[in-house]
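Reader: Hi, I'm new to reading structures. Can we go through this one together?

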Amino acid sequence: MVDPRRYSPQTVAVLGGLAAQPTRWRYGYELGQQVGLKSGSLYPILMRLADQGLLESIWETDPPHGRPPRHLYRLSTSGLVVATDLAAAPGPTRRQRPQPAGAS
């Protein structure tokens, strides 16, 4: 089982977004729109996940004329396991504030 505290909420959102269609190659802009992250947050997460072996990444092989190739991402087998474990993990619990003495 994966420790959900190891991953930020943003990273969990990226893994969840990719897990929705785990075999489909996705590009960053599309994924960022889906999970609500801007490029300054998204791309470091994608690079970290790729470095950890949780994502596969390739360059687009046949971009439309006039546009440079994009980097594409999808979950690796181990990334799908982590994403599935995170989805099954209980959400963070709120800590209860201690009640002052005499309060009910």
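Author: Let's start with a term. A residue is buried when its relative accessible area is under 20%. Leu37 has a relative accessible area of 16%, so Leu37 is buried. One caution: this is a predicted model.

Reader: Where does Leu37 lie?

Author: In the loop between H2 and H3.

Reader: And what does Leu37 touch, leaving out residues up to four places away in sequence?

Author: Gln10, Val14, Gly32, Leu42 and Ile45. Take Val14: Leu37 and Val14 are 23 residues apart along the chain, and their C-alpha atoms are separated by 8.8 Å.

Reader: Let's zoom out. How many helices and strands does the protein chain have?

Author: Four helices and three strands. From the N terminus on, the elements run α-β-α-α-β-β-α.

Reader: How much of the chain is buried?

Author: Buried residues make up 28% of the 104 residues. The accessible surface comes to about 7400 Å². Carbon and sulfur atoms account for 54% of that surface.

Reader: What share of the contacts join residues at least 24 apart?

Author: 53%, counting contacts between residues at least 6 apart in sequence.

Reader: Now the strands. What order do they have in the sheet?

Author: S1-S3-S2, in an open sheet with antiparallel pairing. S1 and S2 stand at the edges with a single partner strand each, so one side of each has no neighbour in the sheet.

Reader: How many bridges join S2 to S3?

Author: Five. S1 and S3 pair over two bridges.

Reader: Which residue in S3 is the bridge partner of Tyr27?

Author: Leu72. Ile58 also stands opposite Leu72. Another pair to look for is Leu55, which stands opposite Leu75 in S3.

Reader: New topic. Which residues of the largest nonpolar core touch the most other members?

Author: Val14, Leu15, Leu46, Leu49 and Leu55, out of 17 residues in that core. Helix H1, helix H3, strand S3 and helix H4 each supply at least two residues of this core. H3 gives the most, with four residues.

Reader: Why would residues like these gather?

Author: In soluble globular proteins, nonpolar side chains tend to be buried together.

Reader: Pick one. What does Leu15 touch, not counting residues up to four places away?

Author: Leu49, Leu75, Val82, Ala83 and Leu86.

Reader: Which residues of H1 are buried?

Author: Thr11, Val14, Leu15, Gly17 and Leu18. Seen down the axis of H1, these buried residues fall within an arc of 160°, so they line one face of the helix.

Reader: Why do residues a few places apart point the same way in an α-helix?

Author: An α-helix has 3.6 residues a turn, so residues three or four places apart point the same way.

Reader: What covers the buried residues of H1?

Author: The cover includes S1, helix H2, H3, strand S2, S3 and H4.

Reader: Thr11 is on that H1 list. Why does Thr11 count as buried?

Author: Because its relative accessible area is 6%, and the cut-off for buried is under 20%. The side chain of Thr11 makes a polar contact of 2.9 Å with the side chain of Ser8. Leaving aside neighbours within four places in sequence, Thr11 is in contact with Ile45, Arg48 and Leu49.

Reader: What about Arg26, buried or exposed?

Author: Buried, with a relative accessible area of 3%. Arg26 is in strand S1. The side chains of Arg26 and Glu30 are joined by a polar contact of 3.4 Å.

Reader: Which residues does Arg26 touch, again not counting residues up to four places away?

Author: Gly17, Leu18, Gln21, Leu31, Gln34, His71, Leu72 and Tyr73. Two of those names came up in H1's buried list: Gly17 and Leu18.

Reader: Last one. Is Thr23 buried or exposed?

Author: Exposed, at 65% relative accessibility. Thr23 is in the loop between H1 and S1.

Reader: How far apart are Thr23 and Thr77?

Author: 54 residues in sequence, and 9.7 Å in space, C-alpha to C-alpha.

How values were computed:
Residues numbered from 1 in each chain as written. Predicted model: local features only at pLDDT ≥ 70, side-chain atom pairs only at ≥ 80, totals over all residues. Heavy atoms only, no water. Core = buried A, V, L, I, M, F, W, Y, C linked by side-chain atoms within 4.5 Å. Buried < 20%, exposed > 50% of the residue type's maximum accessible area, 1.4 Å probe, protein only. Contact = heavy atoms within 4.5 Å. Polar contact = N/O pair within 3.5 Å; in protein donor to acceptor, adjacent residues only side chain to side chain. Arc of directions from axis to C-beta. Pairing = 2+ DSSP bridges. Areas by Shrake-Rupley, 256 points an atom, 1.4 Å probe, with all protein chains shown as cover.
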